[in-house]
Amino acid sequence: MLFTVLVFALASCSRGAPGRVTHRASDGRPDQWVRRISPTEYQLAIDTNGDGRPDVIKTFRNDAVVEVEIDRDFNGAVDLVQQYVNGVLVRETRDDNFDGKAETVRHFRPDGTVAIIERDPSERGAIDVVEYYDKSGRLTRREVRPK
Ligand SMILES: [Ca+2]
Ligand SMILES: [Ca+2]
């Protein structure tokens, strides 16, 4: 595998209007919105903690989920992005220290086990370490980008 640049940009959940309100909480406040982004794609934005801002955004293509963006610490910035192919999670980009910059990308096998973890420990937007795992979760190979 090549050491690739992290093309992923952590987006803000609060960018623009979340779309048309499609659900309200019991107190009447909107907690779900739908926004069409192309003839075949739409986004469903969900406020799961009741702060009035979406923290989960699901993108659908031809009515199948292709991407889920999650703001786990509810600060308005996405910190976990999950990508799906045919309904199966294939890739996950994570900002686990919640500073707005991703540091790991996990690639999954169709059975859900982790196949590859790409790491950008210095959070400079480029992969420095690539780790390969077998189906039992054992690290089988580790490549470090030459300095
Ligand atoms: Ca966040
Ligand atoms: Ca980070």
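This is a predicted model: local features need pLDDT of at least 70, side-chain atom pairs count only at pLDDT 80 or more; totals for chains, interfaces and linings use all residues.
## What partly exposed means here

A residue is called buried if 20 or more other C-beta atoms lie within 10 Å of its own, exposed if 12 or fewer do, and partly exposed in between. Glutamate 123 has 14 other C-beta atoms within 10 Å, so this residue is partly exposed.

## The overall picture

Let's begin with the whole protein. Its secondary structure comes to zero helices and 11 strands, so from the N terminus on the elements simply read β-β-β-β-β-β-β-β-β-β-β. Buried residues make up 16% of the 147 residues.

## One open sheet

The 11 strands form an open sheet in the order E1-E2-E3-E4-E5-E6-E7-E8-E9-E10-E11, and the pairing is antiparallel. Strand E1 (20-24) and strand E11 (139-144) stand at the edges; each has a single partner strand, so one side of each is left without a neighbour in the sheet. From one strand to the next, the twist averages 15 degrees.

As a reminder, strands of a sheet pair through backbone hydrogen bonds, either parallel or antiparallel.

Strand E4 (residues 56-61) pairs with E5 in the antiparallel sense over six bridges. Within this pair, lysine 58 stands opposite valine 68 in E5. The two strands form a hairpin with two residues between them. Asparagine 62 sits in that turn and has a positive phi of about 50 degrees.

On to the next pair: E5 and E6 are joined in the antiparallel sense over four bridges. Here glutamate 69 has valine 81 in E6 as its bridge partner.

## A closer look at isoleucine 70

Which strand holds isoleucine 70? This residue belongs to strand E5. Isoleucine 70 has 18 other C-beta atoms within 10 Å; the cut-off for buried is 20 or more, so isoleucine 70 counts as partly exposed.

Leaving aside neighbours within four places in sequence, isoleucine 70 is in contact with Asp55, Val56, Val78, Asp79 and Leu80. Isoleucine 70 and valine 81 are 11 residues apart in sequence, and their C-alpha atoms are 6.3 Å apart in space. Valine 81 is also the bridge partner of glutamate 69.

## Two loop residues with positive phi

Where does phenylalanine 74 lie? Its place is in the loop between strand E5 (64-70) and strand E6 (80-85). Phenylalanine 74 has a positive phi of about 55 degrees although it is not a glycine. Is phenylalanine 74 buried, exposed or partly exposed? With 15 C-beta neighbours inside 10 Å, phenylalanine 74 counts as partly exposed.

Glutamate 123, the residue from the opening section, is in the loop between E9 and strand E10 (129-133). Glutamate 123 is not a glycine, yet its phi is positive, at about 55 degrees.

Which residue in E9 is the bridge partner of histidine 107? That partner is isoleucine 116.

How values were computed
Residues are numbered from 1 along each chain as its sequence is written. Chains are lettered from A and ligands numbered from 1 in the order in which they are written. Two strands pair if DSSP finds at least two bridges between them. Axes are lines fitted to C-alpha atoms, for helices over the stretch in contact, and angles run from 0 to 180 degrees between N-to-C directions. Two residues are in contact if their C-beta atoms, placed from the backbone, lie within 7 Å.
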